[in-house]
Amino acid sequence: MKNSYKQHAMREKNKPQSARRDNRHEQGGRPEDGGFAMITPFDDKVHLQHCYTSKPYTAQHSLRKLEAEDLAAERRKQSVVEQVMIDHLSRAVISDPEQNANASFLNNPQQDLTSAPLRFRKRTLHETKIKTSSTLTENMLSNKLRFDARIICRNGRDACRELIGFFFTHDKSVTIYEYRQFGKNRTNALPFIQKGIYLHKSGRRRGKPYEIKDFFPGADLTFLTAEHQSLSESLRQNPVLTIRITAIDEEALKSLRDICEGNKWDLGVHWNDEENILLAVQDVMKEKLKKRGVRTLTGLGKYLRQLDKSGSGCLGEAEFKQALQMYHLDISEKIFESFWLIVDENNKGRVDCGTFVRALIGEMNEHRKSFVRKAFMKLDNNKTGLVSMVDIRKFYCARKHPQVLSGSSSEEEIKSAFLETLENACSNPQEVSYSEFEDYYEGLSIGIMSDEDFVNILRNSWGI
């Protein structure tokens with residue numbers, strides 16, 4: 001990799017690429033397949049980010065940083081595990097009717113309790129000595145599968161929440177907690193989805209209860225927002241809350257698969273005709289977007305938000321067709337009809353814009369997306385879901401960009417090229433929302449094959 005960047009630096013010194021770029025500027029772009037799909041100066045500026053893939057740290061520094069991050073993550077997860085055990089064991093004991101049964105002295109209606117010593121009076125809380133026949137025990141709760149998760153939504157405040165969930169095998173119940181940190185020392189873990197037995201609300205297994213085979217990285221868990229009163233108003237606007245599993249405790253999964261289903265354990269991944277149709281459409285779209293992913297995805301996202309006059313985040317079939325034609329992503333009528341039947345599974349005639357775009361183009365894997373969220377969370381210190389362009393300029397770093405190292409460009413030139421392309425994605429050029437930030441890197445991700453290269457671009461740019 002180092003040798004490849006040395007060669008890149010030498011090419012930059014000779015500047016044949018920049019000369020070609022200047023020619024394209026004069027000509028107004030290089031047609032690839034005609035129309036919107038031409039390569040423009042905008043795409044050239046985006047391409048500068050593709051070069052920014054060198055490792056940001058030395059091997060020793062990188063190892064120390066990764067170890068520190070892993071240790072901090074493990075501490076967070078352990079604190080949530082402890083809180084879950086405390087919450088549910090305490091609730092099991094407190095809710096047991098036997099806890100209200102005091103000494104036989106209290107059951108005597110003839111006894112004057114007002115004159116009795118305090119220790120004999122009936123308490124409003126439970127006896128200090130725990131005596132219960134409750135079947136919920138620590139051993140039963142220990143048979144659980146822990147997973148990391150995120151909310152699939154376009155609101156930055158909700159999308160960047162840190163969720164840790166649990167699936168309990170003894171009753172096939174699910175609970176999800178949110179880990180929150182206030183400053184450096186104060187943290188807490190609160191229930192986000194209360195412990196209960198839930199059914200799939202969408203997808204192939206709609207109406208069926210969750211089983212261990214439903215839990216794997218990339219799986220979606222769906223819940224009715226009406227059943228969870230503690231959810232924020234922004235989440236309650238959509239009738240279904242979708243939570244994506246980003247990582248899972250592989251050791252626990254390995255031990256539980258034998259307990260639950262023996263050697264016949266199923267990964268929960270089944271290819272069917274609908275998934276094959278989606279994959280075929282996504283392959284076609286990614287090929288179209290290989291050279292213009294950022295420009296198209298950011299422009300498409302902005303255009304769909306303009307069409308959404310009601311602010312519901314949902315549009316109809318005709319409006320989506322109009323958007324696809326505008327950005328030269330249209331497909332044949334027959335394929336679109338098959339595609340629409342899949343995404344509009346409830347036959348309501350309207351589909352969430354985020355759901356539509358994810359089904360049409362696909363999305364970057366969870367490893368990549370975790371670094372996009374980490375970068376935005378660093379910028380959005382107040383967790384508002386919006387970052388000012390002033391902060392973007394302040395935090396973006398171009399010191400290790402190959403063109404800066406070779407002397408062919410200055411830091412300011414690289415930074416200005418990035419800011420110009422990012423501003424183009426924003427409805428308000430003074431600030432960047434999480435959805436716009438994500439759209440930018442979603443488009444950038446299409447043209448980068450290696451996960452390591454993509455992650456290094458984010459690490460170099462934002463110091464994460």
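At 2% relative accessibility, F356 counts as buried, a label given to residues under 20% relative accessible area, with exposed meaning over 50% and partly exposed in between (1.4 Å probe, protein chains only). The model described here is predicted, so local features need pLDDT of at least 70 and side-chain atom pairs count only at pLDDT 80 or more, while totals for chains, interfaces and linings use all residues. Residues are numbered from 1 along each chain as its sequence is written, and side-chain values use heavy atoms, with hydrogens and water left out.

The ring centres of W340 and F356 lie 6.3 Å apart with the planes at 55 degrees, so the pair is tilted. Rings of Phe, Tyr and Trp (its six-membered ring) pair if their centres lie within 6.5 Å; planes under 30 degrees apart count as stacked, over 60 as edge-to-face and the rest as tilted. This pair links distant parts of the chain, with W340 in helix α12 (residues 333-343) and F356 in helix α13 (residues 353-361), 16 residues apart. Helices (H or I, at least four residues) and strands (E, at least two) are DSSP runs, numbered from the N terminus.

The whole structure holds 24 aromatic pairs. In another of them, Y210 and F223, the centres are 6.1 Å apart and the planes at 35 degrees, so this pair is tilted too. Y210 sits in the loop between β4 (186-196) and β5 (220-224), and F223 in strand β5, 13 residues away. Y210 is buried at 1% relative accessibility, and F223 is buried with a relative accessible area of 1%. Elsewhere, ring pairs join F376, Y396, F418, Y434, F437, Y440, Y441, F454 and W462 into a cluster.

Turning to the chain as a whole, its secondary structure comes to 19 helices and 10 strands. Of its 464 residues, 43% count as buried. Among contacts (heavy atoms within 4.5 Å) with a separation of 6 or more, 66% are between residues 24 or more positions apart.
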